[in-house]
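Here is a short tour of one protein chain. Look at the sequence and the fold first, then read on.

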Amino acid sequence: MVALSLAGCGFHLRGTADVPFKTIHIRNAKTGLALELKRNIEAGTRAKVVDEPKGADAILELSNEARTKVILSLTGAGRVREYRLGYAVTFRVHDGKGGEFVPPTLFELTRDMTYSDAEILAKESEERLLIRDMQTDMVQQVLRRLGAAGPAKPVVQ
């Protein structure tokens, strides 16, 4: 009965994402976000990640990756009470021949965190955890955008 009700509402388990290319090259996929994208594309799509751009149907370029930390509020004594952590990534996916699967796209994520001078080590650990969480969310957003991409379209000048 449960299976029928779930099937009737359109629910289905997440499988591999359909992307409009068979092979993809990710520039500088040695560390950080690029490496996580490489791992998730290999595991979550039918596309194969290749080392050379010449043999790839698509090339993913991360043109900008930035982290920010902004004071959100202060106490009456002028000490920091809250921070807003930001993470922004600009990327594009093209075929290397003038066509674009995904035009230059900016994704931005933010997380707010409280701060206390009495818990410096714990707050530093929380900050690292939030940054790691934002990176994981960013990878998932990029993968969803790749799954929504259509065939390569010529770039209009």
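In which loop does Asn 28 lie? Asn 28 sits in the loop between strand 1 and helix 2. Helices (H or I, at least four residues) and strands (E, at least two) are DSSP runs, numbered from the N terminus.

This is a predicted model, in which local features need pLDDT of at least 70 and side-chain atom pairs count only at pLDDT 80 or more, while totals for chains, interfaces and linings use all residues. Residues are numbered from 1 along each chain as its sequence is written, and side-chain values use heavy atoms, with hydrogens and water left out.

**The chain as a whole**

The protein chain has three helices and six strands. From the N terminus on, the order is α-β-α-β-β-β-β-α-β. Of its 157 residues, 34% count as buried. Buried means under 20% relative accessible area, exposed means over 50%, and partly exposed lies in between (1.4 Å probe, protein chains only). Contact means heavy atoms within 4.5 Å. Among contacts in the chain with a separation of 6 or more, 66% are between residues 24 or more positions apart.

Asn 28 has a positive phi of about 55°, although it is not a glycine. Most residues other than glycine have a negative phi. Asn 28 counts as exposed, at 69% relative accessibility.

Strand 1 and strand 2 are the elements that give two or more residues to the lining. By class, the lining has four nonpolar, two polar and four charged residues. Ala, Val, Leu, Ile, Met, Phe, Trp, Tyr, Cys and Pro count as nonpolar, Asp, Glu, Lys and Arg as charged, and the others, Gly among them, as polar.

**Helix 2**

Helix 2 covers residues 32–44. Its expected span is 1.5 Å times one less than its number of residues. For 13 residues that gives 18 Å, and the end C-alpha atoms are 18 Å apart, which agrees. Which residues of helix 2 are buried? They are Leu 33, Ala 34, Leu 35, Leu 37 and Ile 41. Their cover includes strand 1 (23–26), strand 2 (48–50), strand 3 (58–74), strand 4 (80–94) and helix 3 (120–148).

**Salt bridges**

Side chains of opposite charge can pair when their charged atoms come close. A salt bridge is a side-chain nitrogen of Lys or Arg within 4 Å of a carboxyl oxygen of Asp or Glu. The structure holds 10 of them. The table gives some.

| Pair | Distance, N to O |
|---|---|
| Arg 92 and Glu 100 | 3.3 Å |
| Arg 111 and Asp 133 | 3.3 Å |
| Asp 137 and Arg 111 | 2.2 Å |

Arg 111 lies in strand 5 (residues 99–114) and Asp 133 in helix 3, so their bridge ties together parts 22 residues apart in sequence. Arg 111 is buried, at 19% relative accessibility. Asp 133 is partly exposed, at 34%. Asp 137 is also in helix 3, so its bridge with Arg 111 ties together parts 26 residues apart in sequence. Asp 137 is partly exposed, at 27%.

Leaving aside neighbours within four places in sequence, the contacts of Arg 111 include Tyr 83, Leu 85 and Leu 130. Arg 111 and Ile 131 are 20 residues apart in sequence and 8.5 Å apart in space, C-alpha to C-alpha.

Arg 92 and Glu 100 belong to a network of salt bridges that also links Arg 27 and Glu 61. Arg 92 is partly exposed, with a relative accessible area of 26%. Glu 100 is buried, at 14%.

**Lys 123**

Lys 123 is found in helix 3. Lys 123 counts as buried, at 10% relative accessibility. Beyond neighbours within four places in sequence, Lys 123 is in contact with Met 113, Thr 114, Tyr 115 and Ser 116.
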